Amino acid sequence: MSEVELNGVSKRYGSTWALDNVTFRAGQGKFVSLLGPSGSGKTTALRVIAGFEAPNGGDIRLGGVSVAQLPPWKRDIGVVFQSYALFPFLTAFENIAFGLKMRRRTKADIRKRVGDVLDMVGLGGFEDRYPRQMSGGQRQRVALARALVIEPRLLLLDEPLSNLDAKLRAEMRFELKRIQRESGVTTLFVTHDQQEAFSLSDEIVLMNVGAVQQIGAPWEIWRAPNSVFVADFIGVDNLLPATLERDGAAAAIRLGGGYVIATNGGGPEPGPIVVGIRAADVRLADDAATDVVEGRIVDADYRGDISAYRIATPLAERPLTVTVPSGRPLEGSVRVVLPADKLMVFPRG
Amino acid sequence: MDDPRRPATAAWLLSTPALVLTALFALMPSFHLLVAAFLPVNGSTPTMTNFEALLDSKLAMQAFWRTLRVATATTVLTIIAGYPLALVLRKAKPRLAAIILVLVIFPLMVSVVVRVYGWLVILGPSGIVNKSLIDLGVIAKPLALIHNEIGIVIGETQLLLPYMVLSLVAVLQKVDPYLEEAALSLGANPIVTFLRVVLPISLPGLMSGILLVFSLAMTAFATPLLIGGPRVPLMTTLLYTYVFTSFNWAGAAAVAVVLVILALAFVTAQRLVTEAGLKRHG
Amino acid sequence: MADAALSRSLTTLAWRCGRGAFALYVLFWLLFLVAPIVIIVVVSFTGANYMLFPPPGFSLKWFAEVASLSWFRTALASSLIIATVSTTIAVVIGTLAARALARHRFRGRVVVEYVVLSPLILPAVVLGFALFNALVLLRMENLGLPNLIAGHVLITLPFVTRSVWAAMAGTDIALEEAAYSLGADPRTTFWRVVLPTARPSSIAGAILAFTYSFNDITISIFLTGPSATTLPVQVMANIEYSADPTPAAVSTVMVGLTLVFFLLIERTVGLKIFTER
């Protein structure tokens, strides 16, 4: 097990930069997700680490030693592909044994290790099955076993759960976490699914258009997204254009319709900003509240425990999204409050 | 791996044996033939005399037109036979489709000699067809069905029908069956659905099949040689006669060049049709 | 009321008749496709001394006759040797070329593609004559087997190359990358992953190439001579010169062999390789 570091890695295809000066680090034994929409460069980053693509610039270090010059078969990295890439002409046993054969282990050693890892992924007894005789979930576990059995310094997973149906995905998420804990291997997990990344990772590297946007533990990113992109990606429903004004130590946010909310100091330069607030943080006003915004309900979505309402306000062109515990259905005019301490402020543009 | 460090030498090393063999046995001899076609019998300045001789030769011109007629007739027959076959293959249940597929593909693999021999037995003056027709009193004298264009057309049709069927099956596979169901649900009967939904989508494949069959028919050799006989030469059998009977190798070279040009023209046309088809229907 | 029902039943009847006629039409053409082969095979079992259909009696005497003919044994041996050698060459060399075409991006790749696949486009007559012409020029036209093998390589090599190329291009490159990540270098990956994955289609391609070589007439007819000949060419001559069912019996042997190859392909890879482009 080693830690893995990328330093200023760039990769260009023609005139497009798939990776733009990417730097991050995954500590030993940690589960780190590369999260982002398609085209964000997360899979490219994985392929560069594995050695399938050569970077145009930057360095990749495993356990403190640079591997950028090594071909993939010398990097001792386990890879689980999105398509699983099981060898169709080999049984599950032979698939898993492949890496051990390359390392010239003895037959007895191979048999024991393969047996152990098959038990670990819950597929004991599947040794003689061919990939075509297995379901998607089973194939995925064989692919995982194949990558793990060689005890790699690093485990790379390229969207391994995206081909599974919803129920299986949830199951495999648990399994994956458990297996990673048991084996203690440093793991990089590529996904576009924010929920998945948040539930599995010790740390998340958020990427967009080839560049790293934010790095942090799930709760850090959740609490404090550092840009409009990140806020939007993690599900902050309300992102409103606004202006930040400063007057000495005081600062105020001016929204549409003449509404101004005072905040304490700190934050970016005065000027155009985007204000974010979660749907669950917007409160319906009771009569005693100040700083109230008048609005009109335009849409209602009953979701069981909570209800989501879209409320047109003068604050911005788009309606606010507000979620409240379900009660009597609301309609017509309402008044909402945007608590200043729940507001996130980002520079615009 | 798109590793720029990977030299192209590996690729060239891998390809060289194949390149060498093909160049040695096919390309260089063909090139030599090409050159020979443009040289007069005694001389070394390039001329068109060999081609002019072909144009002047009644035999050669007849062979050319006959080839065209035979190829056209064959192509038409393969269409009217092949399209229904392809449609049935598409709709048939798996077991029936498998049987039909076997019947279509197996003849492709059997040697031409056997197939032609069979036609000689079936179509000959004392063959099955003639004997049955005479016994039934339909005709008095046997029909001439071999050693003429009719026999060649029949032989080439049987030879090339599988190609047409397979071309059509390939393109019909891409027609979404739900399209037909949509048409039927909107009130179109099966014939109209075919004409207005299936046929238009299958046109590129049909064109491709037509070009393939036509070019194969024009360059077929063994079938016209064995069924047609010496009195009804096509361009290909004419070449053979020039080589082994009249020793007119210059003429043979000229005919060869014509055949090559035709073949290349058809392949190019096929490529264009396939690309056009892909652009329209994806 | 009754009129509407009557016209509906008539329409249904018309459709049924139409469908029936259509089915008969298709059946006719299916029979057309196999008739010559079936007839020859059936006639070869005749007890008579002439080509009569239907054959008057059942007998294997013509097969016994054929087995005793020396020209048959020689020609059969030649055809088998030629087909085996040219197919083997095609498989070895074609696989290498297919690898280059499938996975390497290099300038001149289009040239390789056009050159190696050109014998599939050029008319067989032209190829046969061109090779013959070249051999005569080199005074090598009577070499026999080597000439035939050279000609047959033109049949087998491009065909096998194309088959293997399609098989390799159709496989997921992730399989090779998976092998790399597990510690296999490119050479090991080629032997242990690339070849085995392409194996079924390649085998089918090789079997087909063998069959086409074994059954070939067009190129062989230009290259046969006193020192070597092929079975199809000999049968052709035999048809012209003999009126008895001997050539029919030989034909049945050839059809039988072809059937074996056909079944081999059907069992290993399935007939879908013919229908997929």
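The structure is a predicted model, and every value below was computed from it. Where chains B and C meet, 62 residues of chain B are in contact with 66 residues of chain C.

**Chain A as a whole**

- The domain assignment divides chain A into domain 1, covering residues 4-229, and domain 2, covering residues 236-347.
- Taken over C-alpha atoms, the centres of domain 1 of chain A and domain 2 of chain A are separated by 40 Å.
- The C-alpha trace of chain A spans about 75 × 45 × 35 Å along its principal axes, and of the 349 residues in chain A, 38% are buried.
- Among the contacts in chain A with a separation of 6 or more, 66% are made by residues 24 or more positions apart.

- Strand β7 of chain A runs over residues 154-158 and is mostly covered, with 5 of its 5 residues buried.
- L154(A), L156(A) and D158(A) point one way from β7(A), while L155(A) and L157(A) point the other way, and all of these residues are buried.
- Strand β6 of chain A, residues 77-80, runs parallel to β7(A) and is joined to it by 4 bridges; within this pairing, G78(A) has L155(A) of β7(A) as its bridge partner.
- Strand β8 of chain A, residues 186-191, also runs parallel to β7(A), and here 5 bridges join the two strands; L157(A) stands opposite F189(A) in β8(A).
- Between β7(A) and β8(A) the chain passes through helix α5 of chain A, residues 166-183, in a β-α-β crossover that is right-handed.

**The antiparallel sheet of chain A**

- An open sheet of 5 strands in chain A has the order β15-β19-β16-β17-β18, with antiparallel pairing.
- The edge strands of this sheet are β15 (283-284) and β18 (320-325) of chain A, each of which pairs on one side only.
- β15(A) pairs over 2 bridges, in the antiparallel sense, with strand β19 of chain A, residues 333-337; L284(A) has V336(A) in β19(A) as its bridge partner.

**Chain B, built from helices**

- Read from the N terminus on, the elements of chain B run α-α-α-α-α-α-α-α-α-α-α-α.
- Along the principal axes, the C-alpha atoms of chain B fill a box of roughly 80 × 75 × 30 Å, and 44% of the 282 residues of chain B count as buried.
- Of the contacts in chain B with a separation of 6 or more, 72% are between residues 24 or more positions apart.
- Helix α4(B) has 16 residues and reaches 22 Å from its first C-alpha to its last, which is close to the 22 Å expected at 1.5 Å a residue.
- The buried residues of α4(B) are I100(B), L101(B), V104(B), I105(B), F106(B), P107(B), L108(B) and M109(B).

**The side of chain B that touches chain C**

- Elements of chain B that give two or more residues to this side include α1 (9-37), α3 (58-91), α4 (94-109), α7 (149-172) and α12 (249-281).
- The largest share of the side of chain B that touches chain C comes from α1(B), which gives 18 residues.
- By class, the side of chain B that touches chain C holds 52 nonpolar, 9 polar and 1 charged residues.

**L127 of chain C**

- L127(C) lies in helix α5 of chain C, residues 124-137.
- Why does L127(C) count as buried? L127(C) is buried because 25 other C-beta atoms lie within 10 Å, and the cut-off for a buried residue is 20 or more.
- Not counting residues up to four places away in sequence, L127(C) touches A26(B) in chain B, together with P119(C), L122(C), L154(C) and I219(C).
- L127(C) and F28(C) are 99 residues apart in sequence, and their C-alpha atoms are 36 Å apart in space.

Methods. Residues are numbered from 1 along each chain as its sequence is written. Chains are lettered from A and ligands numbered from 1 in the order in which they are written. This is a predicted model: local features need pLDDT of at least 70, side-chain atom pairs count only at pLDDT 80 or more; totals for chains, interfaces and linings use all residues. Two residues are in contact if their C-beta atoms, placed from the backbone, lie within 7 Å. Ala, Val, Leu, Ile, Met, Phe, Trp, Tyr, Cys and Pro count as nonpolar, Asp, Glu, Lys and Arg as charged, and the others, Gly among them, as polar. A residue is buried if 20 or more other C-beta atoms lie within 10 Å of its own, exposed if 12 or fewer, and partly exposed in between; C-beta atoms are placed from the backbone. Two strands pair if DSSP finds at least two bridges between them. A crossover is right-handed if, with the strands pointing away from the viewer, the path from the first strand over the helix to the second runs clockwise. Domain bounds come from an automatic or database domain assignment. The expected span of a helix is 1.5 Å times one less than its number of residues.
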